[in-house]
Each structure stands twice: as C-alpha cells, then as structure tokens.
Amino acid sequence: MNFIDVNGVRLHYRFDGAEELPVVVLSNSLGTDITMWDPQIEELTKYFRVLRYDTRGHGVSDVPAGPYSIDQLGQDVVGLLDSLEIERAHFAGVSMGGMTGMWLGLNAPERLGKLALCNTAAFIGPREIWDTRINAVQNGGMEPIAEGVTARWFTESYVQQGTEEVEQVRKVFIETSAAGYAAACAAVRDMDERDTVKNITVPTLVISSKDDLATPPRDGQYLTDQIEGARYVELEGSHLSNIESAKEFTKALVDFLRGIA
C-alpha cells in the first residue's frame with residue numbers, strides 16, 4: 001500500500017497503468033473506497049495511468065475529526081497531485097467524488113484536463129436527511145443502515161442477482177469508519193454549487209442513471225445545462241452506475257477522455 005501525507009491527512013493511493021501515459025484520477029463515492037473502481041481499471045489502463053485514492057475518512061486513509069467540507073476534499077486532491085508531482089490530470093468522480101470534481105473545476109481548473117461528473121449533483125438535499133443519517137451512524141454504527149443504503153445504490157433486480165460486486169460494496173460500507181462517514185456526510189450536506197457550476201470551463205462529461213434515487217437524471221441534466229459544452233450520458237441502473245452498468249459506463253468514460261466520441 002502507498003500512503004502520502006496531504007494537508008495533515010495520511011491518504012492511501014494507488015497507481016495502475018504505465019508511467020508514460022496521461023493520468024486520470026478516480027474519486028470514490030460516500031461510504032466506498034478505491035475498490036469501487038475495479039470494473040474500470042482494465043480498460044482505462046490501456047490508455048491512462050490511473051490514480052485512485054481513498055477520500056479522507058474512507059478506506060485505509062486517515063480519519064481526522066470532522067465535519068469535513070468539499071473545500072477540504074478538493075484541497076486533498078490538489079495536495080495529492082502536488083505531492084506526486086502531477087501538474088495536470090483528468091478527473092472522474094462518482095457522487096461525493098463528483099462533488100469534489102465540481103470544486104476542482106471551479107477552484108483549480110488549471111490542474112484538470114477533462115472532468116467526468118458521475119451520478120452526482122450540485123446540491124443533494126434536504127439537509128435533514130443528512131442530519132438523520134449522521135445521527136444514525138454516530139449512535140449505531142454502519143451496519144444498521146447498510147441495507148437501506150445498498151437499496152439506493154443498486155436496482156432491486158441487480159441486488160437480487162446476488163453479484164459479488166454488491167457484496168463487496170456492502171462489506172466495504174460496513175467496514176467504513178462511522179466517524180469518517182459522518183464527517184463526509186456533512187461535506188455532502190453542506191455543498192451547494194447550483195449557482196456556480198455554470199462557471200466550470202473544463203471539458204465535462206455528465207453521467208446519470210435512469211433509476212438513481214439519490215441523484216436522479218434531472219440533477220445530471222441540470223449540470224449539463226449549466227456547464228457550457230458539457231456532454232450528457234444516461235445509463236440503465238441506479239446510483240453506482242460504474243458497477244451496475246460497468247460496460248456502458250466504462251465505454252462512455254474512456255471515449256470521452258480519449259476524445260473519440
């Protein structure tokens with residue numbers, strides 16, 4: 001495992017792919033870790049050097065005291081790039097990772113090549129939902145809410161298939177630090193860039209899913225309408241589309257980053 005100190009936090013990161021290839025950074029969603037991107041690695045590494053990292057409070061990265069902010073999560077990425085001497089990289093994030101991507105697009109566009117905002121939104125409300133969830137994990141841990149969260153991440157038909165991917169995601173979720181998860185929930189709760197995403201000028205791809213309850217297609221369509229020149233792709237499946245609709249997601253992402261579609 002590779003670790004690096006960034007902004008006072010020890011982050012876990014991993015490279016895949018040849019060193020001479022352009023870098024793409026992949027940012028995980030709330031309650032997951034770098035393994036959520038496993039379905040994309042084989043194809044991405046044909047063309048890119050892939051940099052994955054566990055967001056603070058997740059995976060085996062440090063769990064500093066919260067609450068966290070999107071500003072902190074974005075600064076972590078800038079610090080990671082600085083520490084690894086990467087001047088510029090593509091960036092793709094799902095959900096919370098996509099919100100981090102929006103911050104980068106607004107605050108550090110010079111560090112980005114292309115930006116993929118996947119199953120995410122400029123605002124995910126209402127705040128009360130997040131307050132309830134934060135209280136739940138602070139008082140009872142991760143396991144009591146795992147089934148409900150999984151049900152929002154995947155369609156019922158996909159869950160009923162009993163795939164290894166669903167079990168892996170559930171396992172990672174349960175093992176995620178409750179303190180880290182709660183702190184990151186606050187970052188998602190408090191972000192509202194609905195009035196500012198129009199200022200993103202980085203070439204952007206927006207991916208949504210038809211049955212995503214957490215960030216429905218209307219959220220992705222709003223981003224697309226606001227960001228000049230943004231491209232929109234709508235997939236089957238629910239919130240973690242890079243897993244449930246892995247083949248289609250990967251093709252859309254790779255084609256966009258390569259500029260062939």
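The model is predicted: local features need pLDDT of at least 70, side-chain atom pairs count only at pLDDT 80 or more, and totals for chains, interfaces and linings use all residues. Residues are numbered from 1 along each chain as its sequence is written, and side-chain values use heavy atoms, with hydrogens and water left out. Helices (H or I, at least four residues) and strands (E, at least two) are DSSP runs, numbered from the N terminus.

I begin with the strands. Two strands pair if DSSP finds at least two bridges between them. Strand E1 (residues 2-6) pairs with strand E2 (residues 9-16) in the antiparallel sense, over five bridges, and Val-6 stands opposite Val-9 in E2. The two form a hairpin with two residues between them, where Asn-7 in the turn has a positive phi of about 50°. E2 also pairs in the antiparallel sense with strand E4 (residues 49-53), over four bridges; there, Phe-15 has Leu-51 as its bridge partner.

Next, helix H5 (residues 143-153). Its buried residues (under 20% relative accessible area, 1.4 Å probe, protein chains only) are Ile-145, Ala-146, Val-149, Thr-150 and Trp-153. They lie on the same side of H5, because they cover an arc of only 145° around the axis, taken from the directions from the helix axis to the C-beta atoms.

Finally, Gly-105 in helix H3 (residues 96-107). This glycine is buried, at 3% relative accessible area. Its C-alpha atom is 5.4 Å from that of Ile-200, 95 residues apart along the chain.

Note on methods. Buried < 20%, exposed > 50% of the residue type's maximum accessible area, 1.4 Å probe, protein only.
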